[in-house]
Amino acid sequence: MWTGDIASIIFTRIKIQFSSNLKTKYPDLYFTNSDKSQTTPKFPTVYIHEIGSVEQGQDLDNSEINATLSSFQIEVIDNVSQNRAKEIMEEVIRIMKIMRFTITALPEFQNTDSDYRSVARFRRMIGKNDIL
């Protein structure tokens, strides 16, 4: 499990473990790991992006990746209200904490004229045989 696998696992865990109550409350809730906009955007959107992961735990042989310090930026974008973006980000945080991630940047709002955006960053050491 390395690099691409980690991002895929995190994406899947967030999407699957997301509260069914919130999925019902927001039927157009959309999860993505792509930075490309959809032709017809859906809101709210949860954008999960792996950033700057670094190899850790090298041994003398240095022939395998033993661990990574993995970092993710997660953005929640909504076109209705800041409160909706905040509610969804709280659920993202709950799931990331279940996977034992540290929040390195607590959620902040980066609103524009047309949308409400909550952005947070997470980091965790992930060992070679670690189970997320």
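Trainee: What share of the residues is buried?
Mentor: Of the 132 residues in the protein, 36% are buried. Keep in mind that this is a predicted model.

Trainee: What about the dimensions of the C-alpha trace?
Mentor: Along the principal axes, the trace spans about 55 × 30 × 30 Å.

Trainee: What fraction of the contacts comes from residues 24 or more positions apart?
Mentor: They account for 58%, counting contacts with a separation of 6 or more.

Trainee: Let's go inside. How many residues are in the largest nonpolar core?
Mentor: That core has 27 residues, and the ones with the most contacts inside it are I10, I14, F18, V46 and M96. The elements giving two or more residues to the core are α1 (4–17), β2, β3, α3 and β5 (116–127).

Trainee: Which of them gives the largest share?
Mentor: That's α3, with seven residues.

Trainee: You listed I14. What does I14 touch, beyond residues up to four places away?
Mentor: I14 touches F31, I48, I74, I95, M96 and M99.

Trainee: Are F18 and F31 buried or exposed?
Mentor: F18 and F31 are both buried.

Trainee: And the pair of F72 and F101, why is that edge-to-face?
Mentor: The planes sit at 80 degrees, and the cut-off for edge-to-face is over 60, so that pair qualifies. The ring centres are 5.9 Å apart.

Trainee: Which parts does the F72 and F101 pair tie together?
Mentor: F72 lies in strand β3 and F101 in the loop between α3 and β4, so the pair ties together parts that are 29 residues apart in sequence.

Trainee: How accessible are those two, F72 and F101?
Mentor: F72 is at 1% relative accessibility, which counts as buried. F101 is buried as well, with a relative accessible area of 0%.

Trainee: What does the side chain of D78 reach?
Mentor: Two backbone nitrogens: that of V80 at 3.0 Å, and that of S81 at 3.1 Å. Leaving aside neighbours within four places in sequence, D78 is in contact with F43, P44, R84, A85, D115 and Y116.

Trainee: F43 and P44, then. What kind of peptide bond joins F43 and P44?
Mentor: A cis one, with omega at about -5 degrees. P44 is found in the loop between β1 (30–32) and β2 (45–56). As background, most peptide bonds are trans.

Trainee: Moving on to the backbone angles. What is the phi of N62?
Mentor: N62 has a positive phi of about 55 degrees, although it is not a glycine. Most residues other than glycine have a negative phi. N62 is found in the loop between β2 and β3 (67–78), and at 44% relative accessibility N62 counts as partly exposed.

Trainee: And R100, what's the phi there?
Mentor: Positive too, at about 65 degrees, and R100 is not a glycine either. R100 sits in the loop between α3 (82–98) and β4 (102–109). R100 is partly exposed, with a relative accessible area of 48%.

Trainee: Last one: in what sense do β4 and β5 pair?
Mentor: Antiparallel, over five bridges. β4 and β5 form a hairpin with six residues between them, and T102 stands opposite R123 in β5.

Terms used:
Residues are numbered from 1 along each chain as its sequence is written. This is a predicted model: local features need pLDDT of at least 70, side-chain atom pairs count only at pLDDT 80 or more; totals for chains, interfaces and linings use all residues. Side-chain values use heavy atoms; hydrogens and water are left out. Helices (H or I, at least four residues) and strands (E, at least two) are DSSP runs, numbered from the N terminus. Buried means under 20% relative accessible area, exposed over 50%, partly exposed in between (1.4 Å probe, protein chains only). A nonpolar core is a set of buried Ala, Val, Leu, Ile, Met, Phe, Trp, Tyr and Cys residues joined through side-chain atoms within 4.5 Å. Contact means heavy atoms within 4.5 Å. Two strands pair if DSSP finds at least two bridges between them. A polar contact is a pair of N or O atoms within 3.5 Å; within protein, one must be able to donate a hydrogen and the other to accept it, and residues adjacent in sequence count only if both atoms are side-chain atoms. Rings of Phe, Tyr and Trp (its six-membered ring) pair if their centres lie within 6.5 Å; planes under 30 degrees apart count as stacked, over 60 as edge-to-face and the rest as tilted.
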